[in-house]
Amino acid sequence: MQKLCILGSTGSIGKSTLDVVRLHPEKFNVVSLAAHSSVELMLEQCLEFHPNTVVMVSTAHAEALKKQLREKNLVNIQVLAGAKALETLAEQDTTDTVMAAIVGASGLLATLAAVKAGKKVLLANKEALVTSGAIFIDAVKASGAQLLPIDSEHNAIFQCLPLGEQQQPGTCDLAAAGVSKILLTGSGGPFRTWPIASLNQVTPAQACAHPNWDMGRKISVDSATMMNKGLEFIEAKWLFNLEPDDIQVVLHPQSTIHSMVQYKDGSVLAQMGNPDMRTPIAHALSFPQRIDSGVAPLDFFTAKAFEFEAVDFVKYPNLKLAIDACKSGQGACTALNAANEIAVDAFLSETIKFTDIAKINETSVNKFVSEKVSSIEDVIALDRRVRVFAQSLILNAKH
Ligand code: NDP
Ligand code: MG
């Protein structure tokens with residue numbers, strides 16, 4: 001039995017993880033769950049999976065959950081509150097696998113705690129890796145934690161690599177393995193065919209309606225701006241020990257190919273499947289074995305055409321910013337991630353326009369690009385300063 005901790009169990013990835021777990025009660029034991037404030041859903045998950053410990057980051061919501069658990073007579077589930085408790089949960093001895101599926105840099109310290117404790121870490125929370133880069137990967141190397149990518153593109157790349165190279169995130173030598181390029185595919189989001197001039201009219205509801213994937217609101221907006229592909233570009237650099245020039249983004253509107261690995265001899269290996277996160281989740285949960293994920297296989301006879309396009313950086317300035325940040329260094333990546341979280345929040349609450357996201361990101365990166373980041377304390381301090389700065393840009397834009 002794999003003893004599982006799910007950080008962000010009430011989110012899109014968290015729920016998909018529990019969908020896979022539900023199919024295999026003999027393989028997985030849900031030991032702990034964590035969320036921010038979704039009490040009702042957490043209560044349902046407690047009733048079904050009987051974890052030992054639950055964290056609600058919001059203290060008021062932790063109290064509300066405790067009360068509801070008492071009413072249901074579930075008194076042996078321990079409920080902890082606060083962000084620090086996420087770290088306690090992630091490093092508990094009773095856990096061997098941690099699904100890192102909190103959204104944003106809020107998941108950083110808990111994911112890092114799981115890494116430092118040498119757990120098998122299933123990484124969905126790409127922002128944690130983007131914001132801390134080498135510090136994160138060095139912690140993986142030092143502890144010997146097993147890091148498995150959940151992001152569908154990175155999971156696809158992982159599946160297309162030779163077995164020996166897969167095992168060592170951050171230290172693999174893909175050139176020696178004959179890899180000439182990583183082809184990171186992206187759908188282009190819901191506005192790929194919209195004229196650039198109309199993008200300032202985009203509403204949060206339109207941005208969250210992704211054509212192929214059903215995801216949380218933050219990553220949906222990131223997919224629409226292609227910041228998501230930018231974060232994934234940086235994520236790929238760290239996971240597979242690559243240089244930025246080794247990675248090429250390819251638009252593939254159907255999201256059937258989840259990414260590709262090109263080899264020196266001209267071979268290109270692709271991983272395909274219906275766009276459903278239960279596939280990479282099942283892959284990582286059971287690696288190196290394969291288990292049923294509940295996802296139907298691709299039907300090639302009804303499948304739509306496979307199309308490919310080059311990226312238009314004028315339409316997707318956030319992707320260009322991220323690739324440039326990846327080349328510039330950690331200060332730029334930490335700044336870009338923090339500014340983007342603030343800008344996306346402001347867009348979702350209708351404080352700024354869709355097209356303002358890139359402007360706030362660019363101004364923030366330009367200001368903090370040469371900041372040195374060499375410890376986790378530096379990451380947290382820079383992240384905070386950038387958030388304050390990005391907020392001030394939003395306030396100024398309003399007046
Ligand atoms: P959701 O918004 O659906 O879920 C976020 C989860 O994180 C919820 O459980 C939420 O709890 C919890 N959470 C939010 N803020 C905090 C906080 N401050 N402290 C603790 N927990 C918090 O996001 P997704 O599931 O879509 O995405 C999660 C991560 O996975 C992101 O990093 C995303 O980039 C990545 N990812 C997602 C994919 C997808 O298909 N959805 C694909 C690839 C990667 P609550 O419900 O209580 O608010
Ligand atoms: Mg992805």
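Domain bounds here come from an automatic or database domain assignment. With that in hand, colour residues 2-149 as domain 1 and 179-328 as domain 2. Residues are numbered from 1 along each chain as its sequence is written, and chains are lettered from A and ligands numbered from 1 in the order in which they are written. What you see is a predicted model: local features need pLDDT of at least 70, side-chain atom pairs count only at pLDDT 80 or more, and totals for chains, interfaces and linings use all residues.

The centres of the two domains, taken over C-alpha atoms, are 25 Å apart. Where they touch, domain 1 gives 20 residues and domain 2 gives 21; contact means C-beta atoms, placed from the backbone, within 7 Å.

Now select helix H1 (12-22), helix H6 (126-132) and strand E7 (146-149), which each supply at least two residues of domain 1's side. Helices (H or I, at least four residues) and strands (E, at least two) are DSSP runs, numbered from the N terminus. Which element gives the largest share? That's H1, with six residues.

Next stop: helix H5 (residues 108-116) and helix H7 (residues 134-143), with axes 8 Å apart at an angle of about 25 degrees. Axes are lines fitted to C-alpha atoms, for helices over the stretch in contact, and angles run from 0 to 180 degrees between N-to-C directions. Show Leu112, Val115 and Lys116 in H5; they meet Phe136, Ala139, Val140 and Ser143 in H7.

Finally, zoom out: the protein chain has 17 helices and 11 strands, and its C-alpha trace spans about 55 × 55 × 45 Å along its principal axes.

How values were computed. Two residues are in contact if their C-beta atoms, placed from the backbone, lie within 7 Å.
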